[in-house]
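Please read them with the coordinates open.

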Amino acid sequence: MWKGKVLSIYITPNSGVPLTSVKSVRTIPGRGLEGDRYFYERGYFSKKPGPDREMTLIEIEAIEALNRDYQVQISPGDLRRNVVTQGVPLNHLVGEEFVIGEVLLRGIRLCEPCAYLAHLLGNNKVMNGLIHRGGLRAQILSEGIINVNDTIIAQNVDSKAIPFS
């Protein structure tokens, strides 16, 4: 059975500006991460509301593969996902519930790379390098605090799933 952890957390209050690394963040169901652009409805895609805007996650393994395979140097915060994980097969969490520390979440859909992200990074290689590896959009099901180094555990997912690298 896999057990992952939170490596880093990123938020920003406004669209299009760099994300800031934080040690912890409060989750609010139906709103998102306190202090983040989508919490304030200021995100680039805020005009398309829904539970898939509450929180995004990405695997450090996918970031390392992107940098290695496409000869780029993209840092985790540059990819504009809120939570960077290690040891978590995020694609397997679509439609599933999982826990980060004390917070219950549900995987909604993959967080595929978009032209907006490539534009902000000034690098189209990101689009190809993150197809089906761009992370997970998640709905927050309980209020709480997520901290760096919190454990991530699936509720009912196939425990034989192995993260790609």
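**Notes on the predicted model**

1. Aspartate 69 has 39% relative accessibility, so the residue counts as partly exposed (buried is under 20% relative accessible area, exposed over 50%, partly exposed in between; 1.4 Å probe, protein chains only). Its salt-bridge partner is arginine 68, with the closest N and O atoms 2.9 Å apart. A salt bridge here is a side-chain nitrogen of Lys or Arg within 4 Å of a carboxyl oxygen of Asp or Glu. Arginine 68 is also partly exposed, at 48% relative accessible area.

2. On provenance: this is a predicted model, where local features need pLDDT of at least 70, side-chain atom pairs count only at pLDDT 80 or more, and totals for chains, interfaces and linings use all residues. Residues are numbered from 1 along each chain as its sequence is written, and side-chain values use heavy atoms, with hydrogens and water left out.

3. The structure holds four salt bridges. Another of them joins arginine 106 to glutamate 97, at 3.0 Å from N to O. Arginine 106 is partly exposed at 28% relative accessibility. Glutamate 97 is partly exposed, with a relative accessible area of 28%.

4. Are aspartate 36 and arginine 37 buried or exposed? Both are buried. Their side chains meet in a salt bridge, 2.9 Å from N to O.

5. One aromatic pair turns up in a search of the whole structure. Phenylalanine 39 and tyrosine 40 have ring centres 5.3 Å apart and planes at 90°, so the pair is edge-to-face. The criteria: rings of Phe, Tyr and Trp (its six-membered ring) pair if their centres lie within 6.5 Å; planes under 30 degrees apart are stacked, over 60 edge-to-face, the rest tilted. Phenylalanine 39 is buried at 10% relative accessibility, whereas tyrosine 40 is partly exposed at 35%.

6. Strands β4, β3 and β10 form an open sheet in the order β4-β3-β10, with antiparallel pairing. β4 (32-33) and β10 (144-147) are the edges; each has a single partner strand, so one side of each lacks a neighbour in the sheet. Strands are DSSP E runs of at least two residues, numbered from the N terminus, and two strands pair if DSSP finds at least two bridges between them. Two bridges join β3 (residues 24-28) to β4. Isoleucine 28 has glycine 32 in β4 as its bridge partner.

Technical notes. Helices (H or I, at least four residues) and strands (E, at least two) are DSSP runs, numbered from the N terminus.
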